[in-house]
Amino acid sequence: MKSKAKKIAVVGSGYVGLVSGACFASLGNEVICVDIDEKKIALLKKGKSPIYEPGLEELLRKGVKQGKLSFSTDIKSAVQKSEIIFIAVGTPPKPNGEADLSYIENVACQVAVEMNGYKLIVEKSTVPVQTGHWIKETVERHAKKGAHFDVASNPEFLREGSAVKDFMNPDRIILGVESEKAESMLKDLYKPLKATILVTDIKSAEIIKHASNSFLAAKISFINALSVVCDAVKADVEQVALGMGLDRRIGKGFLNAGIGFGGFCFPKDLAAFIRISEKVGYDFKLLKAVEEINENQKKYFLKKIEQAIWNIQGKTIGVLGLSFKPNTDDMRFAPSVDIIEALQAQGATVKVFDPHAMGRAKSLLKNVQFCKDSYGVCQGSDCMIVLTEWEEFKQLDLKKIKKLLKQPVIVDGRNIYDPATMRAAGFRYTSIGRS
Ligand code: NAD
């Protein structure tokens, strides 16, 4: 199903902006990806992706080759050449958990002064409810009198690690709109994806995104809380999750016990939703508990390491996996950072390996030994711990690992190995919620 090609500017060329831009271009639209980060744009112009995301680099190259995709630091010309402007800049947390919307405001001001005709300005970033209202006010304040524009909300649900696939095959597309023109332009843009489209008002669309991420985070905290109970009575959290998940009302997804969630979405969106609820007069205690359980899970994992090797002081711990989840190089709010810092604070020497996140990790982790592979991590370590469930860790030569470790001790924070197999192979193996 073809749609009329659109001229699009995507402001903010990060995980969401780049993937959205590349995918819109692959659907035949003319897309300019804009960023203030000159290094990022220079890299993109050389045909290189600044982030690791399966399939993205090929899609970027294809878009450029077909003349559909370009990269720029010049927001003025991007706005003037485009009819739809997606805002995909960051909305990081302030120290109190509230979303910092200054990047969004900046873009709204810049777009306003450069508008040279009708523009549809679309929030793609995850923003608290009422941001659409503020964007509209800001644009009205800064644009020429009588400027013709609409604001819409189109939250993004892609997951890092499968972002291109998710963007092209969404479970649903949410369009928060205030005008028929905005609705029909966005429906036409997304027509080729043949996905379910839900049209709402802007505020409801904004809440749908925060509510979805909070609900998913709650599922993770629920299963993590259950893992503690399972450990205490020697039940198996994976069997419990399976038994629960077979109920279609519950579903199997997001019921993997582990060391807690991280990344640039769940922790910050949960905190922002708690703060915005407070602002409008509701104390969202349920979500506060979700946050607390997530923090506790890291401490719970550290206790497991202590139970496995007794004193942390003076020991060498080998860490497999740093990114907050597999198939991404993203280290933002990765639980690995807190866990490694806590081990170092207790006097451990830490060796690490991650297939794709080492580059980003180097600026975050101090005094750790970066190894060239998993075997290097295990060489001479008192214990191996698993913090990210990369597929390649599941395929390791366990006999070799056993020989390399000082003691055959593994504490698995992602339940990637089978406890019985590990014990039969001679390991002292601990995982989460499984005995
Ligand atoms: P990111 O940090 O990877 O990218 C944001 C980009 O915006 C950066 O490259 C930055 O340089 C650029 N930027 C900042 N100010 C700018 C300006 N004035 N003009 C041009 N560019 C500017 O962030 P991200 O992970 O892509 O997330 C962006 C938004 O999307 C956030 O609100 C996030 O919550 C949301 N989101 C993220 C994901 C995800 O998986 N990462 C998924 C769904 C939604």
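Where is Thr-328 found?

**Entry 1: ground rules.** I am working with a predicted model, where local features need pLDDT of at least 70, side-chain atom pairs count only at pLDDT 80 or more, and totals for chains, interfaces and linings use all residues. Residues are numbered from 1 along each chain as its sequence is written, and side-chain values use heavy atoms, with hydrogens and water left out.

**Entry 2: Thr-328.** I found Thr-328 in the loop between β9 (316-320) and α13 (335-345). Helices (H or I, at least four residues) and strands (E, at least two) are DSSP runs, numbered from the N terminus. I then checked burial. Thr-328 is buried, with a relative accessible area of 0%; buried means under 20%, exposed over 50%, partly exposed in between (1.4 Å probe, protein chains only). The Thr-328 side chain reaches the backbone nitrogen of Asp-330 at 3.0 Å.

**Entry 3: the chain.** I listed 18 helices and 14 strands in the protein chain. Its radius of gyration is 23 Å, close to the 22 Å from the globule rule for 435 residues, so the chain is as compact as a globular protein of that length. The radius is taken over C-alpha atoms, and the rule is 2.2 Å times the number of residues to the power 0.38. The C-alpha trace spans about 75 × 50 × 40 Å along its principal axes. Buried residues make up 54% of the 435 residues.

**Entry 4: the ligand shell.** I found 27 residues around the ligand; Asp-35, Lys-40, Thr-91, Glu-160 and Lys-268 come nearest. Such a residue has a heavy atom within 4 Å of the molecule. By class, I read 11 nonpolar, 8 polar and 8 charged residues in the shell. Here Gly counts as polar. α1 (15-26) and α5 (102-114) each supply at least two shell residues, and α5 gives the most, with 3. At least three residues come from each of domain 1 (7-200) and domain 2 (235-430); these bounds come from an automatic or database domain assignment.

**Entry 5: polar atoms at the ligand.** An N or O atom in the Asp-35 side chain is 2.6 Å from a ligand oxygen. For Lys-40, a polar side-chain atom lies 2.6 Å from an oxygen atom of the ligand. For Lys-268, the distance from a polar side-chain atom to a ligand oxygen is 2.5 Å. The protein covers 91% of the 840 Å² of accessible area that the ligand has on its own. Accessible areas come from the Shrake-Rupley method with a 1.4 Å probe.

Note on methods. Polar contact = N/O pair within 3.5 Å; in protein donor to acceptor, adjacent residues only side chain to side chain.
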